[in-house]
Amino acid sequence: MDVEAFLSALTFQAGYNTTIVTIGAILLGWAGGMVGTFLLLRRRSLVSDALSHATLPGVGIAFLVMASLGGTGRFLPGLLLGAALSALAGLATVEWITRRTRLQADAAIGAVLSVFFGFGIVLLTVIQSVQIGQQAGIGSFLLGSTSGMLRSEAITLAVLAGGTALAVFFLRRTLTLVAFDETFARARGISIRRSDLLLMLLVLAVTVTGLRIVGLVLIIALVIIPPVAARFWTERVDHMLLISAGIGAVSGYLGTALSASIDDLPTGPIIVLVATGLFAVSLLFAPVRGVFSGLYRARAFSWKVHRRQGLLALNRGEAIYDKKTIFVLLAEGFMRRDGSITPPGVVAAKLAAEEEALWSLYLRENPDSLHRAHGMLLDPIEERLGAGEINALRLRHYAATRQTVEAMA
Amino acid sequence: MLNRVDQPPALSISGLSVAYGDKPALSAVNAVFHQGRMSAVIGPNGAGKSTLLKAAMGMVPLITGKVEFFGLPLAAARNRVAYVPQRASVDWDFPASVIDVVMMGLYGELGPFRFAGKKHRDKARECLREVDLEPLADRQIGQLSGGQQQRVFIARALAQKADLLILDEPLAGVDAATERTIVTLLKKLAREGAAIITVHHDLSTVRDYYDDVLIMNVRTVANGTVADTFTEQKLADAYGGRLVGAGLPAPVPGAKVEA
Amino acid sequence: MAVYLGLTIVPILIGLLAAVAAALLGNFLVLKRQSLMGDAVSHVVLPGIIVAFVTTGSMDAGPMLVGAAIAALVAAVLIEIIRVLGKVEPGAAMGVVFTALFAFGIVLLEQTDTGAIHFDVEHALYGNLESLVWLAGLEWSALTDPAALAELPPQLPRVAAALVVVIAFFCVAWRPLVIATFDPVFAAASGVPVRLVDGALIALVAIVAVTAFEAVGAIITIAMLICPPAAARLMTDNLVRQLLLSVVFAAIAASFGYLAAGAGVALFVSGVAVSAAGMIATVSGLILALAALFGPRRLGARA
C-alpha cells in the first residue's frame, strides 16, 4: 500500500477528482447512515436490497435509449434516472406482491431482486454484443469504481449525495416520530404511508447515488451496516442517528482514501469493509449492548443468583447439587469442599435469609416494582432502599413473623 | 394437601431461575403440579408464565434450578408430555390440512423416519372427533376460525397420548363455545388421571375451571389448591394495586362447568 | 438433430437440474419466511470458494464445496449471533453479514493472483451456462461411448449429485423438516432436533448454491430458490403438490429461459448473445407474475 497516497487522499490533496469523490462518499455515508436508521427502526432494511438490484434494468434501458438516440449512452444523469425509475418499479412490485397475494415481504423482496437483476443482466449482455455506444463504465455499476471517473460525474455524485443528506436532515423529525411511535404519529395527523414513501425515496436517492461509487451489490451495506452498528452504542433514537451517520461518513472517507492508495482495490468493497470493521468493534465492545459487556453482565448476574440461592440453601441446611452453585460458594469461601459451611458462610447465610425475607415482604407490598428494578432483589438491601424504608419493612416483618408463630402455637 | 404420595408429581420445579441477560425472568420459582388435577398458572403480564413452561420444557437456558417430570428428567419423560404453544406462534397460512397438523402429534410414536399408515390416520381422526372437528379433517388450516385452530392444537396434543398436557394460553381469543369444549375436554382428561397445566388469564373463571393454582410474578407467590391459595390477599401480592377495587367474584360452587 | 445433444441439451440439463434442486429447498425457505437466507447464502458462497482456493491452492470441486458450505454455516451462525446478542431484526442481521462477507470475498479475489482462477465477479454473479457444451457429444452414439462420456462437462454430474442429495434429505428428514418448519416451538418440545434440521437445510442450500454457482451463477440460484416455490405457493394449499409444482416451474424456467436466450432473441437481432442465466431468472419472474395474477390460492387465508 502506498502510504503517501493514502495520506494525501485523507487530506484531500490527491487531485481534484479524488477529492470530489471522497467528499461525495462522506456525504453518501452520512445520508446512508441516517436513512438506514429509519429503515432499521421500520424493520425494512432488506427492502433496500430489492431496490438496489432493481436499478440494473433501468441502467440498461437508459443506455440503450440514449445510444439509439445517437448519444454516447454513458451520460451519467441519464443512467441514474433510468436506475431510479426501474428501482421504483421494483419497489412497487414488492408492495403489490405483499399486499395482493399471500406471499410475505421476504419472498417478494427475493423475487424482485433476482428477477430484475436477471433481466438487467440480459440487457447488459445485449449491450455488450451489439457494440453500440461507449459501453465502458456500465460494468462498474455492479461493483462500483471511482477510477476513470469524469469530473462532471464526480460533481454530479457529490451534489446528489449532498442533496440527499440535506433532505434527510430536514425530514428527520417526521421520520423519527413515525419510526418511534406509529400510533402517536398517526394521532398527530402524520400519514404513515406518505412518511414511508418519503423514506423509500430517500433510500432510492442513496442507492442511485451510490451505484457508481459502491456498486449495486453492496450499496445496501451503507444503509444496513451503520445503523445496526450504532444500535449497540445507545438506546436513544437521536443518538443512534448521529452515530450511524458518523459511522457511514467515516466508512466513506477511509474507504475512498484506501482504495485510492492501493492498486486494484475496488472502492465499494473497501468502504463496506471499513464499515464492517466499525460494526465488529461495536458488536463486541460497545458498553451498552455489546457482546462482551452483555456476557459480563449476564455472568455477574448469574453469579449473584447462585450466591443467593446457595446461601439460602446453606441456611436451611439443605444439600446443594448444582455444580455452579457449589463453585460460587467455594470461591466466596462460604463452604468447604466436603460441603460443610464455613464461619463466614454461617453469617452470610443468616444475612441472606434475612434480606430475602425483607425483599419478599417488599415485593408483596410492591409487586409492580419487580420489573422496574430488575435484579435489585439480589443486591444488598441497604444499597437499594433508604434506612427509613428498611426499618419500616423490618418492623412489619417482625410483626408478621410473630403473628405466624402465635397462630402456629 | 392431597394423598398423592404414591405417585410422583407430574411436574415439579424447584429453585428455577432464568434471565434474559441481566434481566430476571424467573427468580427461584418453586412449583408442583399433580397428576389428575387441573392446574392454572396465573400472574400479571410479564410475570414469566410462558417462560416458566418453556424453561421446564428445556427451551430456555436455566441459570439454576431443577425440573422433574414424573420424578424423571425431561429426556426420559418427553413422550409423556404434550406441549401446546400459543396459537399465534405459528403461520396458519401454512400448506397443511387439519389432519396433517394432528398427525404431527404422532412424532413421538413414529419417530423421524417411520411411515404413517391408515392406523395412524384413524388415530388422528379420533382425536379430531374429541374436539368436534372431524368433519373439517381435510380443510386447510388457514380457513379455520381462531377457536377451531386452538382445537386443532388440542387434538394434536391428544394424539400424543400424554400424561401431562402443558398449554400456553389455550383460551386466549377463542369463542365461548370453544372455551366450553376445551375446558370440558381437559377436565375429562384430568378425571382420567392426566395432569393439565394451563397458563390462564381470566381470573373470574379460575374457581370454576381449576383444582390447583400457581400464582406467580417472577417469583412464586403461592402454589396449592384453589380453595387455599386463590385468595384476595395472595392475588394482591402478585398483581399489586392493579386488582385493588376490582374485587374478585365470590366463589359460586354451583356454577362449575361440568364435564 | 444430434448436434443439439451436446450444444443445447447438455447445458439445458445442467441449468434444469440446478434449478430443480434449488426450487425444492426454496419451498422451505419461503415457508419459514427466510427466503432471503437464500440470497445471503448465495452471496457468501463467493468468499467461501475464494478462501478455499487461497488455502488449498486448488480449483477442485471438493475444497470449493467444503469452503462454500463452511462459509454458509459461518454466515448462518453470525446472523444468529447478531440477531440474538444485538437484538437486531433478522433481515438487518442478514444484510450485515452477507454484504460484509461478499465485500471481503471481492477484495480477496482482487488481491490474489487471479491468473489461476477462471472466474471473475461477473461470472460469479451470472455464470456462463452457454459455455458448458459437450463437444464430444455431437453424435447420438456418444451416449454409449465411454470416451465421449468422460468429456461431459464436470458440472453436469455435480449438479445431478446435488439434486440427489436434496431428494435424499427430503426422504430421510421429511417429517422433522415439516414439523420444525410449521411449528418450531412444538417441534422443540416434542424432541425434534430443530437446530440440526435448520442447519442441514442451510448447508444444503449452500451445496446447491455452490454447484449451481459454478455452472450458472449466483443470480439463478437466488431466483430459483425463491420464484418457483413462491409461484407454487400461490397455486395450492397442499405441501406435496406445492413442491411438485415448484419443480415443474423451475424446469420450465430453465429450459424456456435457455432456449429464449439462444434462439428467441436471435429472431429480433441476429448475432445478439444474451445471458442464459439472466433469461432463466426473467422467465421465472414471468411465471411468478402469472401466478400472482391468476393463481387459485394467491390470496391464501386472506380470501
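Let's start inside chain B. From strand 7 of chain B, B:A195, B:I197 and B:V199 point one way, B:I196 and B:T198 point the other way, and all are buried. Buried means 20 or more other C-beta atoms within 10 Å of the residue's own, with C-beta atoms placed from the backbone. In a regular strand, side chains alternate between the two faces of the sheet.

A word on the source. This is a predicted model, where local features need pLDDT of at least 70, side-chain atom pairs count only at pLDDT 80 or more, and totals for chains, interfaces and linings use all residues. Residues are numbered from 1 along each chain as its sequence is written, and chains are lettered from A in the order in which they are written.

Strands here are DSSP runs of E, at least two residues; helices are runs of H or I, at least four; both are numbered from the N terminus.

Now the neighbours. Strands pair if DSSP finds at least two bridges between them. Strand 3, residues 38-42, pairs with strand 7 of chain B in the parallel sense, over 4 bridges. There, B:S39 has B:I197 as its bridge partner. Strand 6, residues 164-167, also runs parallel to strand 7 of chain B, joined by 4 bridges. B:L165 is partnered with B:I196. From strand 6 of chain B, the chain crosses through helix 7, residues 176-191, to strand 7, and this β-α-β crossover is right-handed. That is, with the strands pointing away from the viewer, the path from the first strand over the helix to the second runs clockwise.

Last, the partner chain. The contact takes 21 residues from chain B and 22 from chain A, counting C-beta atoms, placed from the backbone, within 7 Å. On the chain B side, strand 2 gives the largest share, 4 residues.

How values were computed:
A residue is buried if 20 or more other C-beta atoms lie within 10 Å of its own, exposed if 12 or fewer, and partly exposed in between; C-beta atoms are placed from the backbone. Two residues are in contact if their C-beta atoms, placed from the backbone, lie within 7 Å.
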